[in-house]
Structure formats: structure tokens, C-alpha cells
Amino acid sequence: MKKARIIFALVLTIVMTAQSAIETFAAVDLSVIKRILSGEKAQAQEPAAQDTAEQETVAEGGKALLLTEIDPDKPLVALTFDDGPTVTTEKVLEKLEEYGVTATFFVIGKQINGSASDTMKKAYDLGCEIANHSRNHNTMSSMPASEVSDEVNYTSDKIKEVTGEAPKFFRAPYLAVSSEMYDAVDLTFIQGITANDWVASTDTETRAQTVLNNVKDGTIILLHDFYGNDQTVDALDTIIPELLSKGYQFVTVSQLFEINEAEPEVHTGKIYSSVN
Ligand SMILES: [Zn+2]
């Protein structure tokens, strides 16, 4: 099903203090990059190629942009993190920048304030996807539909307010779902493979090996960037290089659907742990 060869532009590094660097970056047509990231198949190759010169300029200004060519013959994987934004999210972003890979963050609405809000915006600007993980992170499977809607809509509104883009995907707190939730939520439900990384006693190596033992082409990996979850940050130093060495290409959840030419289902009771 992977017919199109797609070029994605990924923003790699943000360390900019000099005004000249900011001015250089401002010259880049961000809308083009965003459009490429959003995966417009038919047009992706051309605008990306045309932007090469501009990206080199940006790199000189202290901000590196990477063009990653998606090879349809190589496997895809979507790294995702629940329970941010927090200070741990910043540490995850450092790892993503170090390895030049993207991810999707399922955020808790009540945490989108102050510096955590800035962190979420930074993730978005780096080319990561922001998705919905409820407002208060309560178990929602026994909630009435109106309360479910309030939980989800609050967070979607906050994400839109900060990034300018509404989320497309939802992950239920504790993965607890109900038919009422499938009816009430206008987003696609995502699950993924887990590594028991919400339990403090799960050591770094076990987290990494649990992920690596279960990944296949199209897998969505579910990890956590809640406050203090540094063992998962450390596990990325094993997970990401290992998967890269096996030919895996890291994409957002949206890109996973787009590259596989799969339409994300809404209101059907479908929940995705992989797309291929
Ligand atoms: Zn959660």
C-alpha cells in the first residue's frame, strides 16, 4: 500500500539565542514545512526539494532542518508519549533532536499551562504531533457522554489555542474505553504496545527490550513522559538507535496513516495499536 515516496522535513535542533539566527529562521516558509509534515502525498516531493536551499540557510543560522526521505520498502514506527507536557517532555525532545526522529505526544489538558505549554509548542514546532489524552486523566469509561465530551473538547481547544492545529487522535486514560466514549469523541482512538513504563520498578533495560521485542512494521509504541519518568528517557538511548539500525523510520501517528493510505476511523469502535 505504500506507493508514494514522500519527503518529510523534520526540524532537528532548536538552540537559538542570537537575533540573527531568529531572523534567519523567520525567513523560512514554515507553511511549506507544515504542509510536508502533514503528508500531502502528491505535492510532498517537489516543495521539499525546492526548499533545500532555504534549509541550508537555516542550518547556518543555528537551527538545523533535516529532510528525511521515507522509503516505502522500509518499516515504519510511531513513537508516542502519554501524560505530558512536563519537564520530562523536554528531556524526551532532547533525545528526539539528538537522533533526528519525530514522535507524537498525547497531552493532558489541565497541564497545558505556563512553561509546560511552551514545551508542547516546542514539540509541535519540531515537527512532532500533539494528540489528546483528556483534560483531567480520570477513568472515562463510566462517564456520561456529556462529561466525556467536556474532557476531550477542553484539551482539543487548548491544543488548538497553543499550536494552531486541532488534534486528530485520542488515547483514553488507563486505556479504559466504552461505547459511550466511541460515540461521544470525534477523534480516532489510539492504543499501542506498552512496556510497563508507568511502574517505577520497571528498569530502563526492561523498558527498552519490551518495546524492541514487540515492534513490527506499523507499530505504535506507547511510552510515558510524566514527571520524573527518566528511565523511559534513558530507554530511548537503546530503543531509537536499535530501531534505526534495523531500518525503521520514525513517523507521527498522522504520517503512519497517510503513508499507509489508511483512513483513521472515527465513531466506529475501532482502536489502533498499529497501522499497516
Ligand atoms: Zn495516561
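Here is a short tour of this predicted model, one selection at a time.

Before you click, note that residues are counted from 1 along each chain as its sequence is written. Because the model is predicted, local features need pLDDT of at least 70 and side-chain atom pairs count only at pLDDT 80 or more, while totals for chains, interfaces and linings use all residues.

**Whole protein.** Of the 276 residues, 41% count as buried. Buried here says that 20 or more other C-beta atoms lie within 10 Å of a residue's own; exposed is 12 or fewer, partly exposed is in between, and C-beta atoms are placed from the backbone.

**The core.** Now select V77, F105 and I221. In the largest nonpolar core, which has 55 residues, these three touch the most other members. Such a core is a set of buried Ala, Val, Leu, Ile, Met, Phe, Trp, Tyr and Cys residues joined through C-beta atoms within 7 Å. In soluble globular proteins, nonpolar side chains tend to be buried together.

Stay on F105. Which residues does F105 contact, leaving aside neighbours within four places in sequence? Among them are F81, G84, P85, M120 and I130. Contact calls for C-beta atoms, placed from the backbone, within 7 Å of each other.

**A cis bond.** Two of those partners, G84 and P85, are worth a zoom: a cis peptide bond joins them, with omega about 0°. P85 sits in the loop between β3 (76–84) and α5 (87–99).

**Helix α10.** Next, pick residues 230–245. This helix has 16 residues and spans 24 Å from first C-alpha to last, close to the expected 22 Å; the expected span is 1.5 Å times one less than the number of residues. At L236, α10 bends by about 30°, the angle between axes fitted to the seven residues ending there and the seven starting there. L236 is also one of the buried residues of α10, along with T232, A235, I239, I240 and L243. The buried residues pack against β3, α5, α9 (204–214) and β8 (219–224). After the helix comes G247, with a positive phi near 90°.

**Last stop.** E261 isn't a glycine, yet its phi is positive, about 50°. Is E261 buried or exposed? It counts as exposed because it has 12 C-beta neighbours inside 10 Å.

Definitions and conventions: Helices (H or I, at least four residues) and strands (E, at least two) are DSSP runs, numbered from the N terminus. Two residues are in contact if their C-beta atoms, placed from the backbone, lie within 7 Å.
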